[in-house]
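Colleague: I have just opened this one and would like a guided tour. Could you take me through it slowly?

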Amino acid sequence: MTLSLFDSSEAPKIKKFTLSVTHGCNMACRYCYAGKADKPDMSVATMERAIDFAWHLTSDGDPFELGFFGGEPLLKPDLLRHAIQRVRLRNRVAPRQVRYQVTTNGVCLDDALLDWIRTEEISLCISLDGPPAIQNANRPLRNGQPSSAILLRNLELALRKLPRVQVNAVFGPKTLERLPDTVAYLHGLGVRSLHLNPDIQAEWPVDVLGKADAVLGQLTDQYISYFKNDQPMAVNLLDIKIVLYMKGGFSTADRCGMGRTEWAIAPSGNVYPCERLIGRDDDPALQLGNVHGEVRTLACPGALGRAREPRPTVAPQMECRSCPVRDHCMHWCGCTNYHQTGDVELPGQVICALEKASLRAASHALTTLTNEKNQNFINHFMQYLQISPSPPAIQEYQR
Amino acid sequence: MKTEEFSVKLPPLGPSIGIPAPPFDKLEKLFLREVLKPHIGPAGGLDLARSTQLQAFKLEPSSGGWPLAHIHIGDGMAVLLTQEMFVTALHFAAKNSQEIEKKIPQVPGNS
């Protein structure tokens, strides 16, 4: 389907809408999939057009997440402020329920920015890979200098000022076995919401993948101890699987909605099905159009992924369809698959190994803490039940 | 829209419910079968035909400081999900996870 902007009545709903406001970055991460691109930042006109596009994809009252991405989005705070002003302007006429989210390398964070983030109720996710040796090796500053000391200072500030700070830590084949150290380090710093994500562009030797079970086993022991010691920590690899065990598997709505319910806009205005596919913004096969022109939706994401040649060094998982734990696995994450195998519908071995290890680890954590009736664990997962906003029936009930 | 609150005393929930666990988004069926039905007769006005129309969960502290979730089923019906009920759901999930764990294929390179 092609969307002639602003006049289609059949536009799909969106859940996630990401603005990549700049290609610029003050860091030089070893695994950066955004790539280096000496291209202009997003213009105000493009940003406004992008937000208008988000309104076009939604109806009155619809909730969606508006994410700011890059490059480093906090290099352009004025543009982010303008985006929020644009949302307010649109909300006066046609209200939506917009939740803001920013993913940052944390270097620019200071009192003023954090105060603004708190005021605007923006969900903050700081990328920090772990102890100084890991952080400095993987995520040096653009000038080659170590970043750890800056991040420590700014993370501490953020934790002091904001009610909730998420941390995103990337691990690769060389740091997989250091994950327990990373978790302990970040927990010690006061982090209570942690996303652990694999480097999806690295080459993962089979013998390294074989260690995933043991590593996640250690991590699970830490996780359990945190709950027992009244310092619980959300860890995505475990929390998601525990919720899945309660739900009975992923529902259709949980799955990747690239190009249908998830959209990302490059600084140029080019539209992508996921922010992790923007890269240098130089692959027309991945572009769905431009906010200044027309945009097509993806009825079949597979056609998008096969635009790229398979990577011969990353073995795909061919037996997914018969896998007995398929319904509990994120084999459907299109951008991860694309980066690993060149096909959005064909997962690689990294995801396969990590998903299996996570399922085993989560089962152990769930069983242990449930059998002990751990109050922290019960409270922690009860909060995931919250759905907002309240429908009229609930509002009436509460009166 | 009229909303009623069904505050029920939870019956003991044991092995009779069995596994596999009900999908979490179908938890209302568990309520109907094991919680509501034994306590509310036909005169109670509970419309079982609407049982799948789960509308929302919302948590808030109760007067006793004991967290409750209001579960709205169908038009204007509400029941309470107590923490005790949630723990039961966790137990289901834990048993189910052990069953699923047995089915996970081995990863190459994992001795």
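**A first look at the fold**

Modeller: In chain A, 76% of the contacts (heavy atoms within 4.5 Å) between residues at least 6 apart in sequence join residues at least 24 apart. This is a predicted model, in which local features need pLDDT of at least 70 and side-chain atom pairs count only at pLDDT 80 or more, while totals for chains, interfaces and linings use all residues. Residues are numbered from 1 along each chain as its sequence is written, chains are lettered from A and ligands numbered from 1 in the order in which they are written, and side-chain values use heavy atoms, with hydrogens and water left out.

Colleague: How many helices and strands does chain A have?

Modeller: Chain A has 14 helices and 12 strands, taken as DSSP runs numbered from the N terminus (H or I with at least four residues for helices, E with at least two for strands).

Colleague: And what share of chain A is buried?

Modeller: Of the 399 residues in chain A, 58% are buried, where buried means under 20% relative accessible area, exposed over 50% and partly exposed in between, with a 1.4 Å probe and protein chains only.

Colleague: Which residues touch the most other members of the largest nonpolar core?

Modeller: They are Phe17(A), Leu19(A), Leu124(A), Leu196(A) and Tyr223(A), in a core of 106 residues; such a core is a set of buried Ala, Val, Leu, Ile, Met, Phe, Trp, Tyr and Cys residues joined through side-chain atoms within 4.5 Å. Helix 12 (residues 349-371) of chain A gives the largest share of this core, 10 residues. A second, separate core has 16 residues, among them Tyr272(A), Cys274(A), Trp332(A) and Val344(A).

Colleague: What does Leu124(A) contact, leaving aside neighbours within four places in sequence?

Modeller: Its partners include Val102(A), Thr104(A), Leu109(A), Ala158(A) and Gln166(A).

Colleague: Is Cys329(A) buried or exposed?

Modeller: Cys329(A) is buried, with a relative accessible area of 12%.

Colleague: What about open space, say the second largest pocket: what is its volume?

Modeller: The second largest pocket has a volume of about 490 Å³. It is lined by 20 residues, of which Arg326(A), His331(A), Trp332(A), Val344(A) and Glu345(A) are the closest to its centre. On a 1 Å grid over the protein atoms alone, a pocket is an open set of points with protein on both sides within 12 Å along at least five of seven lines, a cavity is a set where a 1.4 Å probe fits but cannot get out, and lining residues have an atom within 4 Å of a point. Grid points are joined across faces, edges and corners, and a volume is the space filled by probe spheres set on the points.

Colleague: Where is Gly71(A)?

Modeller: Gly71(A) sits in the loop between strand 3 (63-69) and helix 2 (77-93) of chain A, and a cis peptide bond with omega of about 20° joins Gly70(A) and Gly71(A). Both glycines are among the residues that line the second largest cavity, which holds about 60 Å³ of space.
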